[in-house]
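Q: Could you go through this structure with me, beginning with how strands come together in a sheet?
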Amino acid sequence: MVDTITAMDALTHPVPAVTEDNAFFWRAAGQGRLVAQRCAACGLLRHPPAVGCPACHCLDHDVVELSGRGQVYSYALLHHPRSPRFRYPVVAVLVDLEEGVRVVSNLVDVDPADIRVGLPVEVAFEPTDDEELAVPVFRPRTGTARTGTARGGAGATDGDAR
Ligand SMILES: [Zn+2]
């Protein structure tokens, strides 16, 4: 097998596995918004998208936009198996968002040596082969990019942002 796509060419992601339950998430990302479901009964924010609330089993929910700000909870550097659609190492990351939602994503625009637990990050969006859909990824927070709606309690250490 000969791959003709080099790592530098791999600027778009494959189309996500869109279902009726998660389409809102990918379409919002395509509009530059990071969103999550909020339970209509107990208010719990949840991700990934699910039919019902894991806390109270309510089936009703709305969708709210998140700040996109958080910090690295954990990460792993993936070197294999190689796909021409990704840049290596792929940084798989768990991000704790300010709103209390934990998401699995990729960390980009970062030297792997600079990654640490607690690193302040912010969402960015990378295109897919479907122009209406995008993939939320995270990058180190600049500290000046957004002044936004910090809701406290996250304990992020902005002083280390570059
Ligand atoms: Zn609930």
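A: Two strands are said to pair if DSSP finds at least two bridges between them. Strands of a sheet pair through backbone hydrogen bonds, either parallel or antiparallel. Please keep in mind that this is a predicted model.

Q: Which strands form the open sheet of 5 strands, and in what order?
A: The order is S6-S5-S4-S7-S8, and the pairing is antiparallel.

Q: Which strands stand at the edges of that sheet?
A: Strand S6 (102-106) and S8 stand there. Each has a single partner strand, so one side of each is left without a neighbour in the sheet.

Q: By how many degrees are neighbouring strands turned against each other?
A: On average, neighbouring strands of this sheet are turned by 40 degrees against each other, with direction ignored.

Q: How many bridges join S7 and S8?
A: S7 and S8 pair in the antiparallel sense over 7 bridges. One of the residues involved is Ala124, whose bridge partner in S8 is Val137. The two strands, S7 and S8, form a hairpin with 6 residues between them.

Q: And how many bridges are there between S4 and S7?
A: S4 and S7 are joined over 3 bridges, in the antiparallel sense. Here Gln71 has Pro120 of S7 as its bridge partner.

Q: What about S5 and S6?
A: Their antiparallel pairing runs over 5 bridges, and Ala92 stands opposite Asn106 in S6.

Q: Let us step back. How many helices and strands are in the protein?
A: The protein has 1 helix and 8 strands. Read from the N terminus, the elements run α-β-β-β-β-β-β-β-β.

Q: Which strands make up the open sheet of 3 strands?
A: That sheet has the order S2-S1-S3, with antiparallel pairing. Its edge strands are strand S2 (45-46) and strand S3 (61-65), each of which pairs on one side only. Between S1 and S3 there are 5 bridges in the antiparallel sense, and Gln37 stands opposite Val63 in S3.

Q: Now the helix. Which residues of H1 are buried?
A: The buried residues of H1 are Phe25, Trp26, Ala28 and Ala29. They cover an arc of only 160 degrees around the axis, which puts them on the same side of H1.

Q: What do the buried residues of H1 pack against?
A: They pack against S1, S7 and S8.

Q: What comes just after H1?
A: Gly32 is found there, and this residue takes a positive phi of about 80 degrees.

Q: Which residues touch the most other members of the largest nonpolar core?
A: Ala29, Val93 and Phe138 do, in a core of 22 residues.

Q: Which elements each supply at least two residues of this core?
A: Helix H1 (23-30) does, as do strand S1 (35-39), strand S4 (69-78), strand S5 (90-97), strand S7 (120-127) and strand S8 (134-140).

Q: What does Val93 touch?
A: Leaving out residues up to four places away in sequence, Val93 touches Val72, Tyr75, Ser105, Asn106, Leu107 and Phe138.

Q: What percentage of the protein is buried?
A: Of the 162 residues in the protein, 25% are buried.

Q: Last one: how many of the contacts join residues at least 24 apart?
A: The figure is 56%, taken among contacts between residues at least 6 apart in sequence.

Technical notes. Residues are numbered from 1 along each chain as its sequence is written. This is a predicted model: local features need pLDDT of at least 70, side-chain atom pairs count only at pLDDT 80 or more; totals for chains, interfaces and linings use all residues. Helices (H or I, at least four residues) and strands (E, at least two) are DSSP runs, numbered from the N terminus. A residue is buried if 20 or more other C-beta atoms lie within 10 Å of its own, exposed if 12 or fewer, and partly exposed in between; C-beta atoms are placed from the backbone. Two residues are in contact if their C-beta atoms, placed from the backbone, lie within 7 Å. A nonpolar core is a set of buried Ala, Val, Leu, Ile, Met, Phe, Trp, Tyr and Cys residues joined through C-beta atoms within 7 Å. The arc is that of the directions from the helix axis to the C-beta atoms. Axes are lines fitted to C-alpha atoms, for helices over the stretch in contact, and angles run from 0 to 180 degrees between N-to-C directions.
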